[in-house]
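Hi everyone, thanks for coming.

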Amino acid sequence: MSESGLDAAQAKMRDAGVDPIAIDVFSSYYTQIKEGRTGIIPEDSISPLTDPDRLDDVTVDDEVAADALDHTVIIKLNGGLGTSMGLDRAKSLLPVRNGKSFLDIIVGQVRAAREQHGARLPLLFMDSFNTRDDTLEALEQYPDVQVDGLPLDFLQNQEPKLRADDLTPVEFPTDPRLEWCPPGHGDLYTALLGSGILDQLLDKGYRYASVSNGDNLGATPDARIAGWFAATGAPYAAELCRRTVNDRKGGHLAVRKSDGHLVLRDTAQTADDEMTYFTDESRHPFFHTNNLWFDLRALREVMTERHGVMGLALIRNEKTVDPKDSSTTPVIQVESAMGAAIEVFEGATCIVVDRARFLPVKTTNELLLLRSDVYDLDERFHLCKTTDNVCEVDLDKQFYKRVGDFDRRLGEPPSLKDATSLKVAGDWTFGAHVTVTGDAVLSTDEPATVPDGAELSGEVHPADIDTVSRASQ
């Protein structure tokens with residue numbers, strides 16, 4: 001585990017044309033890994049965040065809000081392929097609602113906000129090498145989305161995966177692409193600086209950035225939050241939501257005892273024997289939505305002071321070089337979370353927002369909800385709930401995890417607005433105009449079909465299908 005490992009990694013990155021600033025950031029993390037640092041945040045080093053500000057309690061003048069939004073850029077993280085859902089192109093191109101993709105809806109949301117508030121509101125995607133071409137091609141149908149001569153995207157950096165045994169760059173001739181990984185979305189700040197986008201935005205008079213995941217359609221452009229953030233004078237802010245039992249795996253903010261700074265802690269930064277504290281929604285009652293706001297001038301100052309190395313908390317991610325094959329070489333992926341920047345900015349703050357601003361799609365369970373009648377897409381391209389209670393969905397991963405399999409079995413989503421929960425175990429194919437009410441549990445050992453017009457409630461087995469079909473007639 002000598003300096004040759006770092007030298008080899010740096011050379012590999014230079015040969016691939018990786019930005020020198022990104023190489024410096026990687027080198028900083030490499031040194032921490034070599035020193036044995038894990039990035040773990042002990043429970044006894046933090047205090048729970050108990051009483052943050054709430055957006056419901058904030059009053060913002062309409063003119064102040066509109067002016068703040070006019071000086072804001074919308075940035076969407078768009079580097080993922082959605083491989084966990086069986087996709088092989090940009091996840092943002094997946095149809096979500098009425099045949100419209102994440103990207104289509106995001107563009108619609110930005111256009112509507114521009115019209116409503118008279119704001120310039122540039123839209124930028126942080127793409128990866130895997131998603132850039134498809135994304136830019138899809139954006140060609142929206143020639144009006146580009147403003148002020150700004151580009152529509154900038155590229156996330158890449159770094160080599162490291163062998164777990166000696167910290168040298170892993171070699172995988174079978175598929176050399178798997179020798180590389182993204183540095184986590186904490187690379188946002190490095191990529192903004194290295195691409196020159198940060199300076200372009202500042203030169204054109206933009207002051208604030210609103211950042212969110214591309215698969216979270218709840219994070220719409222919001223003039224009220226922009227106005228609140230501008231009025232605080234804070235350099236950085238995070239949006240939080242109150243935790244429920246379903247949010248136990250989400251990262252949370254806490255207060256570091258040593259200096260009183262807000263810090264973000266994710267599961268990868270929690271010791272195994274302290275996960276009970278991490279998942280306790282009463283102990284840590286607010287989760288981090290990954291919707292962020294920051295002052296572009298403040299970011300430029302911090303990056304200048306730190307010579308481009310933000311110093312975000314390390315996330316050491318242990319995997320195999322081919323994540324789908326556990327027999328391949330064990331590797332370490334060096335990552336960071338963009339939300340960890342909250343501890344870098346002096347005076348950073350946070351605010352609790354409505355749960356409607358957090359609608360991520362990580363699995364086909366969430367995809368089914370967004371495609372169902374639980375939500376409507378309004379004229380502003382906002383997803384609006386049609387019911388007070390959102391159905392809990394649990395689809396059998398063997399048959400529904402991949403989008404292609406999901407689409408074949410659930411071509412027309414069932415009505416879920418009157419449902420409390422839907423659990424599907426086994427290979428079920430749903431017909432058209434199916435309605436679920438209350439709690440429904442479908443179980444089968446053999447492929448089975450739910451007929452057109454069926455009404456589902458309680459426990460349903462293939463032998464019950466005739467009864468279900470007759471009841472719906």
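Let me start with one definition: buried means under 20% relative accessible area, exposed means over 50%, and partly exposed is in between, with a 1.4 Å probe and protein chains only. A word on where this comes from: it is a predicted model, in which local features need pLDDT of at least 70 and side-chain atom pairs count only at pLDDT 80 or more, while totals for chains, interfaces and linings use all residues. Residues are numbered from 1 along each chain as its sequence is written, and side-chain values use heavy atoms, with hydrogens and water left out.

Now, where does UniProt place the feature "binding site"? The unreviewed entry puts it at His-185; UniProt positions are given in the numbering used here, feature names are shortened, and annotations may be inferred rather than shown by experiment. His-185 sits in the loop between strand E10 (180-181) and helix H6. Helices (H or I, at least four residues) and strands (E, at least two) are DSSP runs, numbered from the N terminus. Setting aside residues up to four places away in sequence, His-185 touches Leu-77, Met-126, Gln-156, Asn-290, Ser-336, Ala-337 and Met-338. Contact here means heavy atoms within 4.5 Å.

Let's move on to H6 itself. Six of the eight residues of H6 are buried, so the helix is largely enclosed by the rest of the structure. The buried ones are Leu-188, Tyr-189, Thr-190, Ala-191, Leu-192 and Leu-193. After H6 comes Gly-196, with a positive phi near 85 degrees.

Which way does H6 lie against H10? The axes of H6 (residues 188-195) and H10 (residues 296-305) come within 11 Å and cross at roughly 90 degrees. Axes are lines fitted to C-alpha atoms, for helices over the stretch in contact, and angles run from 0 to 180 degrees between N-to-C directions. H6 and H10 are therefore roughly perpendicular to each other; angles under 35 degrees count as roughly parallel, over 145 as roughly antiparallel, 65 to 115 as roughly perpendicular and the rest as oblique. From H6, Tyr-189, Thr-190, Leu-192 and Leu-193 make the contact, and from H10, Leu-299, Arg-300 and Met-303.

Next, a sheet. Three strands form an open sheet in the order E9-E17-E16, with antiparallel pairing. Two strands pair if DSSP finds at least two bridges between them. At the edges are E9 (162-163) and E16 (315-320), each pairing on one side only. E9 is joined to E17 (residues 330-335) by two bridges, and Arg-163 has Val-331 as its bridge partner in E17. Helix H2 (residues 20-34) lies across E9, E16 and E17, running at about 125 degrees to E17.

For contrast, here is some parallel pairing. E21 (residues 392-395) and E22 (residues 415-425) run parallel, joined by four bridges, and Leu-395 stands opposite Val-424. E22 also pairs in the parallel sense with E24 (residues 435-443), over eight bridges, where Ala-425 stands opposite Ser-443.

One last stop: Gln-116, in helix H4 (residues 102-117). Gln-116 counts as exposed, because its relative accessibility is 52%. Gln-116 and Arg-380 are 264 residues apart in sequence, and their C-alpha atoms are 9.3 Å apart in space.
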